[in-house]
Number of protein chains: 2
Amino acid sequence: MNSSLIDAVGMTGAVLTTVCWLPQAIKIIRSRETRAISLTGTLAFTVGIVFWLVYGLAITDMPLISSNIVTLALMLVIVGMKLRHG
Amino acid sequence: MNSSLIDAVGMTGAVLTTVCWLPQAIKIIRSRETRAISLTGTLAFTVGIVFWLVYGLAITDMPLISSNIVTLALMLVIVGMKLRHG
């Protein structure tokens, strides 16, 4: 693969693994039903995203910083809904 | 931050955002209950992980390759359970 195709593949991965949390957040906001969601897993993912964000800031990598800020915001909504609705 | 600390922060993020899918998979395997999980979001995340894996292979990055293989395996379990239990 040439380098611009490789970049496009990485960017597609970054966008998909970020925007995917929007339908998940919307679903549980609408239904107020979070039983199937693992609190342990969701908290581990959220803390992991904080580490990715700190890593992105430390190496000044804009794709890492921007995608992890968006993901973190959506995860805080999901964690909040899980804590509220159990 | 010095570079070994930065690496440790990035590795912690990678490990957390990978292993977090194990408690989620275990939870829905045990309960056979997946209603709160968004199929759209889960599929988008899974396809995103495939792109991250292809990107990792293209740039020969072992942390990306190994963490995304593990995540993909766990996501296929979660997608399978979602398709089966609705």
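Which side chain of chain A does B:Arg35 meet in a salt bridge? The partner is A:Glu33, at 4.0 Å from N to O. A salt bridge here is a side-chain nitrogen of Lys or Arg within 4 Å of a carboxyl oxygen of Asp or Glu.

This is a predicted model, so local features need pLDDT of at least 70 and side-chain atom pairs count only at pLDDT 80 or more, while totals for chains, interfaces and linings use all residues. Residues are numbered from 1 along each chain as its sequence is written, chains are lettered from A and ligands numbered from 1 in the order in which they are written, and side-chain values use heavy atoms, with hydrogens and water left out.

On to the overall fold. Chain A has four helices and zero strands, arranged along the sequence as α-α-α-α. Helices (H or I, at least four residues) and strands (E, at least two) are DSSP runs, numbered from the N terminus. The C-alpha trace of chain A spans about 45 × 25 × 15 Å along its principal axes. Of its 86 residues, 45% count as buried; buried means under 20% relative accessible area, exposed over 50%, and partly exposed in between (1.4 Å probe, protein chains only). Chain A has an accessible surface of about 4,400 Å², 70% of it from carbon and sulfur atoms. Accessible areas come from the Shrake-Rupley method with a 1.4 Å probe, and for residues only the protein chains shown count as cover. As for contacts (heavy atoms within 4.5 Å), take those in chain A between residues at least 6 apart in sequence: 69% of them join residues at least 24 apart.

Now the interface. The size of an interface is often given as the accessible area lost when the parts come together. For chain B and chain A the buried area is about 3,000 Å², with carbon and sulfur atoms giving 77%; buried area is the accessible area (1.4 Å probe) that two parts lose on being put together, summed over both.

A:Glu33 sits in the loop between α2 and α3 of chain A and B:Arg35 in the loop between α2 and α3 of chain B, so their pair joins two chains. A:Arg35 in turn bridges to B:Glu33, with the closest N and O atoms 4.0 Å apart, and this pair also runs from the α2-α3 loop of chain A to the α2-α3 loop of chain B. Within chain A, A:Arg35 forms a salt bridge with A:Glu33 at 3.9 Å. Put together, A:Glu33, A:Arg35, B:Glu33 and B:Arg35 are linked in a network of salt bridges. In terms of cover, A:Glu33 is buried at 14% relative accessibility and B:Glu33 is buried at 15%, whereas A:Arg35 is partly exposed at 47% and B:Arg35 partly exposed at 46%.

A:Trp52 and A:Tyr55 have ring centres 5.9 Å apart and planes at 70 degrees, so they go down as edge-to-face. These two are three residues apart in helix α3 (residues 39-58) of chain A, separated by about one helical turn. Beyond its neighbours within four places in sequence, A:Tyr55 contacts A:Leu64, B:Ile6, B:Val9 and B:Gly10. A:Trp21, A:Phe45, B:Trp21 and B:Phe45 form one aromatic cluster.

Two threonines of chain A are tucked away. A:Thr34, in the loop between α2 (21-31) and α3, is buried at 1% relative accessible area. Residues it touches, beyond those up to four places away in sequence, include A:Met81, A:His85 and B:Ala36. A:Thr18, in helix α1, is buried at 8%. Chain B, for its part, has B:Thr60 with a positive phi of about 50 degrees although it is not a glycine, and B:Thr60 is exposed at 63% relative accessibility.

Methods
Phe/Tyr/Trp six-rings, centres within 6.5 Å; stacked < 30°, edge-to-face > 60°.
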